[in-house]
Structure formats: structure tokens, C-alpha cells
Amino acid sequence: EQLANQIAAGEVVERPASVVKELVENAIDAGGTAIEITVAEGGLDLIRVVDNGAGIEAEEVATAFQRHATSKLLEDRELFRIASLGFRGEALPSIAAVARVECVSAPQSDGLAQRLVIEGGRVVSAGPIGAPQGTDMTVRDLFYNTPARLKYMKSIQTELGHISDYVYRLALAHPGIAFSLRHNGNQLLRTPGNGDRLQVIAAVYGTNTARGMLALEGEHPDYDLRGFISKPELTRASRTALTTIVNGRYIRSFALTQSILQAYHTLLPINRYPLAVLEIGMHPSLVDVNVHPSKLEVRFSKEPELRAFVQETVRACLARQTH
Ligand code: ADP
Ligand code: MG
């Protein structure tokens, strides 16, 4: 069991950002409207995620750290058709196998919480404690018992870069959730959680950038698209910053990224890149999680149509602006 957890951990927990991803996704799934993320030393010393969501019942806290324990019904996840179910209920036991984890969770606002401490997969303490409603997960000393893995970690700045990049994109995908990200005592992000995506863009990329965004909107029998793309004069010389969201979830998609860039480059020099946040809604049967849910990659069943639609929507929006 211990070994199985360490093997699973290698799949799920590649680096500190993977822990942040799993914990924050759980907080979102729990319906949290405020999510506070605190990190120290690129996440290797400390990752703490506090939410005000549904919490975990006292008698289920320990179970949540066992393999394949998931309270989530398939329907909850049917925003996409999930091609591989192998990674459901793997995150918490995998993280607990390679770190020191403290979980405090209260399912009600009566102040009663359950606390569980697990180190290297072994429960070292459990019992009741007082806490506000929600879940508070603290992960310390990541990879302390897997030195080979620890050796592969890059600089603190690199690990932090992966974490902040991911949190920024989740914040962009969930403008209705108030996110806070702190690293070594510095506030890196704070979003209002009022549903206004442009305010999240301002929090992530700065107010000037937010002011220079064009609204995108498009309709299609199978898809609806909305979002923002930077005005041509504001584009960057090289770096791309494209965030793609499908059915409310941040995903990575070469097809969508290419469609945006192709539309952009029919009008603008090839060495300039836009900043864009694009949200597309579609029927769940039109999108599959491709191979590995933790990699966030998806496959669209009508990809050529989708590409054409996205490309045309972006092109038309930019053409209106430049003429
Ligand atoms: P999965 O998310 O695939 O169900 P996890 O290992 O990430 O698997 O979590 C196991 C279970 O622990 C979840 O199904 C959920 O019941 C519970 N859980 C984890 N984090 C939270 C949280 N922040 N709030 C409420 N419940 C949580
Ligand atoms: Mg999870």
C-alpha cells in the first residue's frame, strides 16, 4: 500500500505546482467561493490551500486520504467525457505519501472540525478541533522522503513560476471565486470573485493590459464563445499568454491556441503575439479528456468545425477593430 502510494504519487505529484493544482481543484469542486493559497520556497517548504467550501464530514476525513476514495459522482465531472478514470481519488493519498500533510475540515459553520495529520502516508494524529466552515490543507516538506525526486526540482523561482502560472489561469477561468496567492509573504494575486473576468485580467496582467482588451463573442449551433483578446497595439513581441477554458474548466489545447494565433496572424505580423482569454461552451459529448486528466489536455470530436469557428470569431473581432 505504501509503495503503491509512492508509485501513484510519482504520476500525480510531479512538482509543487501539481500539489497546488490538485488542492485548488478540490477546493473549486467543493464549491468554495474564496480560496487562499499560501506558498513558501517555491512550494517545497509549504503549500497551504484554504477554502470556504462544503468541507468533509469528520468520519470521512481519513477515508479521503485512501486510494480511489472519491465523493464525486460521475455526473459532477461530466463537463467532459472522462476517457480515463484511473486518476480519480488519487490526489490526496499521493500527496500524503510524499509530504507532511495536515488537513482541517469543517462541513458546517458550527465551528466543529476534524483534524488529521499524515506524514509519508502514515497517520500521526487525528481528532476534533475548532475551525470555520471549509477545508484547510497544509502540505509541508514535499518530497522529504523521496530524495531522488527532490533532486529534480529546479530553482525556487522556476517552481513558483509553475505555481503562479497555474493559479492565474484558474483565477481567469473562475472569475466568481476570490483567489489569493502569497509566496514567502508577498501577495502575488488577489481577485475580487465578483464574476467580472476583466477585473481578473487586471489583477493578473495589470490594469493597462485589461484596458487594452477587446471583447470576443461568437455563436455557432454547437459552440458559444466569449472572452477577450489584446488590441493589436498592445501585443507582445514574443511571449504568448493564451488561456483557454472549456465548459468552465481551464484546459490546454493546441487546436484552440493555433486557431487564435492563425486568426491573429492573418492581420498582424507573425512575430507578435496576443494575450487572450477564451471561454467556449459546448455539449459534453463534443469533448474528451485526452489520456491523462492531470495534464489538462482535451480532444474535440468536431475539431475542424471548432477551429474554423474560433478562427473566424477572432478574425472578425480583430478586423472590426483595425478598420
Ligand atoms: P478526487 O478529487 O478525484 O475525488 P482527491 O484525492 O483529490 O480525489 O480527493 C478525495 C476526496 O476528498 C474528494 O472526493 C472529496 O470528497 C474530499 N476532498 C478533498 N479536498 C476537499 C475540499 N477542499 N473540500 C471538500 N472535500 C474535499
Ligand atoms: Mg481531486
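Helices (H or I, at least four residues) and strands (E, at least two) are runs assigned by DSSP and numbered from the N terminus. The model is predicted: local features need pLDDT of at least 70, side-chain atom pairs count only at pLDDT 80 or more, and totals for chains, interfaces and linings use all residues. Residues are numbered from 1 along each chain as its sequence is written, and chains are lettered from A and ligands numbered from 1 in the order in which they are written.

**View 1**
Tyr250 belongs to strand S13. With 21 other C-beta atoms within 10 Å, Tyr250 is buried. A residue is called buried if 20 or more other C-beta atoms lie within 10 Å of its own, exposed if 12 or fewer, and partly exposed in between, with C-beta atoms placed from the backbone. Apart from neighbours within four places in sequence, Tyr250 is in contact with Arg169, Leu170, Ala173, Thr243, Ile245 and Leu296; contact means that C-beta atoms placed from the backbone lie within 7 Å. Leu296 is 46 residues from Tyr250 in sequence, and their C-alpha atoms are 7.6 Å apart.

**View 1. The sheet of 5 strands.**
This open sheet has the strand order S10-S11-S14-S12-S13, with mixed pairing. Two strands pair if DSSP finds at least two bridges between them. Strand S10 (213–219) and strand S13 (249–251) are at the edges and have a single partner strand each, so one side of each is left without a neighbour in the sheet. On average, neighbouring strands of the sheet are turned by 20° against each other, direction ignored. Axes are lines fitted to C-alpha atoms, for helices over the stretch in contact, and angles run from 0 to 180 degrees between N-to-C directions.

**View 2. Strand S14 and its partners.**
Strand S14 is largely enclosed by the rest of the structure, because 7 of its 8 residues are buried. Strand S11 (residues 223–230) runs antiparallel to S14 (residues 275–282), and 7 bridges join them. Arg226 has Glu279 in S14 as its bridge partner, and Gly227 stands opposite Leu278 in S14. S12 runs parallel to S14, with 6 bridges between them. Ile245 has Glu279 in S14 as its bridge partner.

Helix H7 (residues 197–205) lies across S10, S11 and S14, at about 145° to S14. Helix H9 (residues 254–267) also packs on the sheet, where it touches strand S12 (241–246) and S14; the direction of H9 makes about 130° with that of S12.

**View 3. The sheet of 8 strands.**
The order in this open sheet is S6-S5-S4-S7-S2-S1-S8-S9, with mixed pairing. Strand S6 (122–130) and S9 are the edge strands, each with a single partner strand, so one side of each is left without a neighbour in the sheet. The twist averages 10° from one strand to the next. Strand S2 (residues 46–51) is joined by 6 bridges to S7, and the two run antiparallel. Leu46 has Arg140 in S7 as its bridge partner. Helix H6 (residues 156–173) packs on the sheet and touches strand S1 (34–40), S8 and S9, its direction making about 170° with that of S8.

**View 4. Helix H2.**
Helix H2 (residues 16–29) has 14 residues and reaches 20 Å from its first C-alpha to its last, close to the expected 20 Å. The expected span is 1.5 Å times one less than the number of residues. H2 is mostly covered, with 12 of its 14 residues buried; among them are Val19, Val20, Leu23 and Ile28. Gly31, which follows H2, has a positive phi near 80°.

**View 5. The shell around ligand 1.**
Asn26, Ala30, Ala64, Thr70 and Ser71 come nearest among the 20 residues around ligand 1. A residue is near a molecule or strand if its C-beta atom, placed from the backbone, lies within 6 Å of it. H2 and helix H4 (91–97) are the elements that give two or more residues to the shell. H2 gives the most, with 3 residues.

**View 6. Two loop residues with positive phi.**
Most residues other than glycine have a negative phi. Phe143, in the loop between strand S7 (134–140) and helix H5 (147–151), has a positive phi near 65°. Phe143 is partly exposed, with 19 other C-beta atoms within 10 Å. Asn184, in the loop between strand S8 (178–183) and strand S9 (186–190), has a positive phi near 45°. Asn184 counts as partly exposed, with 14 C-beta neighbours inside 10 Å.

Notes: Contact = placed C-beta atoms within 7 Å.
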